[in-house]
Each structure stands twice: as structure tokens, then as C-alpha cells.
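This briefing is intended for a reader with the sequence and the coordinates at hand.

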Amino acid sequence: MPITSQGQCQRGTLGVLAPKVQSTERMTAPHTLLALYHTMVMARAIERRLWVVEHTEPVNGYLRVSGLEAVQVAAAAALRPGRDWIVPCPTDLALCLAVGLSPLDVMLAVFGRADDPASGGRQTPGAFGSRAARVVMTSAAAGRHVVQAAGIAYATKVSGRDEVTLVCTDERGVQSGDWHEGINFAGAHALPLICLIEDRSRSEGPIAQHSNGSTVDRAEAYGLAGETIDGGDFDTALAAFGRASDRARSQGGGTVIHALAVELTSKAPGGGLRPPEELEALAGQDPIDRMRRRLLEAGVLEAADDEQIQRDCASVVAAAVEEATAAPSPDGPRALDNVFSRAQEHG
Amino acid sequence: MAEMRMIEAVRAAISEEMERDERVLVMGEDVGRKGGVFGATDGLYAKFGEARVLDTPLAESGIVGVAIGAALNGLIPIAEIQFADFIHPAFDQIVSEAARTRYRSNGDWSVPIVIRAPFGGGVHGGLYHSQSVEAFYAHVPGLKVVVPSMPADAKGLLKSAIRDPDPVLFLEHKKVYRLVSEEVPAGEHLVPIGPAVVRREGTRLSCFAWGLMTHYCLQAAEQLAAGGISVEVVDLRCLAPLDRETILESVRKTGKAMIVHEDNLTGGFGAEVAAIISEHAFDSLDGPVVRVAGPDIPAMPFNNPQEEFFMPNPAKIAEAMKKLAAY
């Protein structure tokens, strides 16, 4: 299938595929892999473009998402968009692109435009959400959403529905009290919850914030399964999410997936890549490079096709920037909208 | 109609709403097998089962956070915080999450939850079982704050809160639970969230209160009536949204205003009521707007003399009423 038209990108990789039932076979089919690779490249293209936009436009668009693309599209591939729940954190750009977010949606949020479908320009960029897609809009407070995800999964369990909830956090969220309260609750009730920890701290050396035991040890102590994976490898991640979703769907309880990933971008103001000597030490670990090599070796991707994908993603992102730049801002007094419902009762 | 105390009215409201709508569930510390420390959920565990009457860990942020998530996925949770004194760990989940979800998503998401919490002093609860927390939360747009003082209101307002599409903090004064009883309408008795109610008509001054203080103000007004001073007592019932019209209408009639609350004075909700009166009924005032409140100390002491010193009571309120009436 063609995967480079703007229209398809704007509906999201898996939104295009709209699978009724996910399976590893389906998710590793050549056209699916190409679509997921396309999403990874698109996420990277958006991040790179935002570095430029932030220097030329009065916006706050810096999203530090590089290094997480493989594990995020693998997570999306293991879920059923629109049926399973996703509770993302602000770095989950590739994940949200895979389940329906478009580059234009991202740019409308970056520019704070009225047509930003997630929040009408209210939230800072990175707070993606859509009720229709079951992607929950979260706040900027790390970890708060983990306990909420446990509540979503509890509702699934008591309702007897076949749903899985994926909640994502970076390594800092694991330190929050709400992570522990949420994971404890999920363990106590054997909830169909997958907690993805997107850990890029190893690139900068470990941070001594707990005395002993790995994140997986702590997850298991709360009664969840846990595994640490190479988050830069798509196949490894897809297999882990497959196991976790199988466990969740068979009433086997929750799983914490601790994904180790590389940090490719600088934490300096304005973003940008890390210094060359640091990047050199990470050579070969960029998840997009790894996915590209895998697809080239498997004959799924030709070099010329890859160049076309890169060009098309850059083009789509540039068009999204142009359209968002021209889009109207919300009216000031509309800030008063949606404090409360206008309805007297919920449905 | 049946004669009920407030604790029984609360229980009836929850039970009826759980029967009416299978999406409704209760959760909190000891709400299940024990039936709640005050008995508000007594019998519900046997009636509705473990999944809908959920005993939770002693972790208030988790209780509210789980309730938020369950609401996002279609349930209507009633989360009980065992004492309002322990609600503070959940402040972030209530304020930054529940109250802002509709707003930050521009109306896409909503959090229809009720958070019930017994509050208030006068029961020798000491620093950590006596607090009044309404001012913290009435400050938060996106959150409704309801404080009933009578059993029938407790039932009708709680049923309305459960059916409300937005988060509601429902504060129940623990001393009122078994203080008074009255006839409570059976079945579909709904009291809208917002309007205040005039509990006693009067002409010389207006007194505004909520929770236990409504009862104390009524007792004080009775004392003053014996001396020929007519006091109007307005039970606000809801602090957010606040019924400004009833407040202003009363002050325009009497020309004098007093607000009574047991929360400490500075930054208490009485300050907001006083500001509204000063701004919108200034021309009708015939005296200063007076507040009777707890002193500005960290919390209510356990020992008897200091608890009595802290709490407004009918005698203190009556004295302040006489002084204002004579101004």
C-alpha cells in the first residue's frame, strides 16, 4: 500500500490499518512494518522541524522525543486503536501518531490554535488526547496519570469488557507516589494494565533516587509481571507488548515494561542534538537507524523508498507548519468555555 | 416520607442511586465490609457486592485518582475520604486533574465523580479529625462544593451531585450526622446544586452559614428573637456555585451582614461572601460586614477548653449578632 500520502499520515498509521484483531503476524507484515517505520520517521521529522520553528515563531514547541520511536510504535501495534485505552505522557509523539494524531494536529497545538483538536490551544504542546480514540489527555504532573490509568482498567474489569489500558511515563514518573499507588492498585485487583516506562536515563548515567532493586523488582513486588527490554529494538518491544497484552486479555493481570532507550537530544535550552562525541558513543543505537537496517536487510524497504519517505515526511510537516501558522487563534473570551458542562446530568 | 438523620439520608441517597444506575459505585477506606467509619455505607457491601463497594488502600491520592480514571471509562464513582483532614494528599488529583479535565480538553473529557468527606470540629477530634477544608476547594473553578446542613438536603443534594456531569466535593459535618432528624422525602428527591435557602426569615440582620454553623446560627437567632431582634439565617448549602442573588437580596432587605464559619478567619470562605456583599450591596449596608470564625491557629486543639475556644457556638454568635444589630 502507498504510505506516503499526506491524507493517510494525517489519519495515523494504525488508524489507516484499522485492524479488528491485532496479531504479531499482522503487525510484522511488510506493509505494516513500513507504515510503522513511516510513523517513526514522521515523529523525528516533527521534532527536528520544531527546533527550527521555535527559533522563528513565538511558540513553545520543543518536544524531546528522539530515541523512543521504536518502543512507542511497537506499543501501538500491540493495541487496538479506539478500543484499548492509551494514557500517554508528553513524549509519546510516535505513539499518538500511530493511533490517529496527525502532524497538523501537532502543529495546531504548538501554535495554540483554536482548531487544536485536543485542547483548543489551551494545553502546552505534547498533551495529546482524543476521547474518540481513547487517548486520555493528561496533565503535566509526572505520575498522576498512572493511578488514573489504574482506575480506567478497574472500570474495564468491573464492566467485563475486553480492553487493555496502556499508561506511559518516563523514568522520573516512577519516583512519584501516584505511580506506586496506581501500580499497587493494579496489582491488588489484577487489572488489565500495561505500564510502559520510557527510560532514557542510561544515556546520561544512572540517577541514584532509590536505594536498591530495579523497576521490574518493584513491579513484581506489587504483583505485576515485569520485564526490562531494549527499547530501541522494534521486534523486542513488539514481542514484550504482545506478551503483556495477552496476559491482560486473559485476566492474568498487569505488566510493567521497563524500556531502556537512548537520549539523542540535548537538554540544553532550544534542544538540538547532543554533542558529536556523545552521539558517537551512541552510534548504532538510534532506533530509527536500527529499524531502517532491519527493513533493508529483510528486503521490505529499498534505499530509494527510504529517501522518498524522508522527503515526504519533511514535506508533510512543512505543510502542517504552514497551515497551522495561518490557522486562527481562539478568541480571548472563549477562555470562559468548558469550565463546567452545560448539561444538568451526564448521559 | 421517613424520619431520618443526616447519616441515614446520605446512605439512602447512595443506595438509591446505585439501584437506579449500575454505573455508580462507592470506594474508599473501610467503606465496604465495615460500612464506613460513620456508617454512611453500612449495608451497601452486602447489597451491591465487592466490585461496586470497594475497600481501597489508605492512600487518598490513589482513591481520587482511581475514581477519576473509572469516570473517564464510564463509571460514576463516589469516593469517600474518611476524614476531610486526610484529603490533602488528594489535593492535586482533585484540583489539577478532576477540576481541570473538562477545561484542558476543551470539553472533550469530563470527570463525573463525587468526593464525600466528613469535616468539622466540636467532637474532640483534635488537629487531625476536626478540620474545615471548604475554602481550599471553593477557590477552584471546575469543582462544585456542597455542604448540606439538614438531612433532606443531604439526600437531595447528594443525589444531584451523583448525577452531575462534573466533579463535586460533598462535605458532611460529622457532628450533624446524628444531631438532628427530619422528614426526608422518599425516592426521587432532588435538590439542585447552587441555590441557597433561607432557614429563618428576619429583618434586622442577615446571617450566612453552612454545615453545623447553620444550626448554631438558628439557635442564636432564636435567642435574639426573645429580645426582639429579628435575624435572617441563610443556609448557603453550596459554596461553588454560590447563590449570590439570595445573599444580596437578604442583605438589601436587612442592611447588615454576618458570616459564620468554623474554619479559621483569614482567607476563609467568609471573606469571599463579605467581598461580594461589599462590592454589590454597598449602598444597602448599615454596618460593617462581620465574620465570626475560628481563630488563626493551625488547627483545633483536642483539649476541651481550647476546643471550645476555637469553635464558634450559639453564645458567641448571639453576642456578635447583638453587637451588629446595635451598630
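Chain B contains eleven helices and 14 strands. Its radius of gyration is 19 Å, close to the 20 Å that the globule rule gives for 327 residues, so chain B is as compact as a globular protein of that length. The model is predicted, and the values below are computed from it.

**Overall form of chain B**

- Taken along the principal axes, the C-alpha atoms of chain B fill a box of roughly 60 × 45 × 40 Å.
- Of the 327 residues of chain B, 58% count as buried.
- Among contacts in chain B between residues at least 6 apart in sequence, 79% join residues at least 24 apart.

**Domains of chain B**

- Chain B is divided into domain 1, residues 2-184, and domain 2, residues 197-325.
- The C-alpha centres of domain 1 and domain 2 of chain B are 26 Å apart.
- Domain 1 of chain B contributes 27 residues to the contact between the two, and domain 2 of chain B contributes 24 residues.
- On the side of domain 1 of chain B that touches domain 2, at least two residues each are supplied by α5 (134-138), β6 (144-146), α6 (151-163) and β7 (168-173) of chain B.
- That side of domain 1 of chain B divides into 13 nonpolar, ten polar and four charged residues.

**The seven-stranded sheet of chain B**

- Seven strands of chain B form an open sheet with mixed pairing, in the order β3-β2-β4-β5-β7-β6-β12.
- At the edges stand β3 (53-55) and β12 (238-240) of chain B; each has a single partner strand, so one side of each is left without a neighbour in the sheet.
- From one strand to the next, the twist of this sheet averages 20°.
- The pairing of β6(B) with β12(B) is antiparallel and extends over two bridges.
- Within that pairing, V146(B) has C238(B), in β12(B), as its bridge partner.

**The five-stranded sheet of chain B**

- Five strands of chain B form an open sheet in the order β9-β11-β10-β13-β14, again with mixed pairing.
- Its edge strands are β9 (197-200) and β14 (290-294) of chain B, each of which pairs on one side only.
- The twist in this sheet averages 25° from one strand to the next.
- β9(B) is joined by three bridges to β11 (residues 231-235) of chain B, and the two strands run antiparallel.
- R200(B) stands opposite V233(B), a residue of β11(B).
- Helix α11 (residues 314-325) of chain B lies across β10 (205-209), β11, β13 (257-264) and β14 of chain B. The helix runs at about 165° to β14(B).

**A loop position in chain B**

- K34(B) is found in the loop between β2 (24-28) and α2 (44-48) of chain B.
- K34(B) counts as partly exposed because it has 13 C-beta neighbours inside 10 Å.
- K34(B) and L127(B) are 93 residues apart along the chain, and their C-alpha atoms are separated by 25 Å.

**Contact between chains A and B**

- In the contact between the chains, 36 residues of chain A meet 34 residues of chain B.
- Helices α8 (144-159) and α9 (177-188) of chain A each supply at least two residues of the side of chain A that touches chain B.
- The largest share of that side, eleven residues, comes from α8(A).
- The residues of chain A on that side divide into 16 nonpolar, 14 polar and six charged.

- Strand β5 (residues 255-260) of chain A is mostly covered, with six of its six residues buried.
- In a regular strand the side chains alternate between the two faces of the sheet.
- Both faces of β5(A) are covered: T255(A), I257(A) and A259(A) are buried on one side, as are V256(A), H258(A) and L260(A) on the other.
- Strand β3 (residues 193-199) of chain A pairs with β5(A) in the parallel sense over six bridges. In this pairing, L196(A) stands opposite I257(A).
- Strand β4 (residues 225-230) of chain A is likewise joined to β5(A) by six bridges, and the two run parallel. The bridge partner of I229(A) in β5(A) is A259(A).

Technical notes: Residues are numbered from 1 along each chain as its sequence is written. Chains are lettered from A and ligands numbered from 1 in the order in which they are written. This is a predicted model: local features need pLDDT of at least 70, side-chain atom pairs count only at pLDDT 80 or more; totals for chains, interfaces and linings use all residues. Two strands pair if DSSP finds at least two bridges between them. Helices (H or I, at least four residues) and strands (E, at least two) are DSSP runs, numbered from the N terminus. Axes are lines fitted to C-alpha atoms, for helices over the stretch in contact, and angles run from 0 to 180 degrees between N-to-C directions. Two residues are in contact if their C-beta atoms, placed from the backbone, lie within 7 Å. Ala, Val, Leu, Ile, Met, Phe, Trp, Tyr, Cys and Pro count as nonpolar, Asp, Glu, Lys and Arg as charged, and the others, Gly among them, as polar. A residue is buried if 20 or more other C-beta atoms lie within 10 Å of its own, exposed if 12 or fewer, and partly exposed in between; C-beta atoms are placed from the backbone. The radius of gyration is taken over C-alpha atoms; the globule rule is 2.2 Å times the number of residues to the power 0.38. Domain bounds come from an automatic or database domain assignment.
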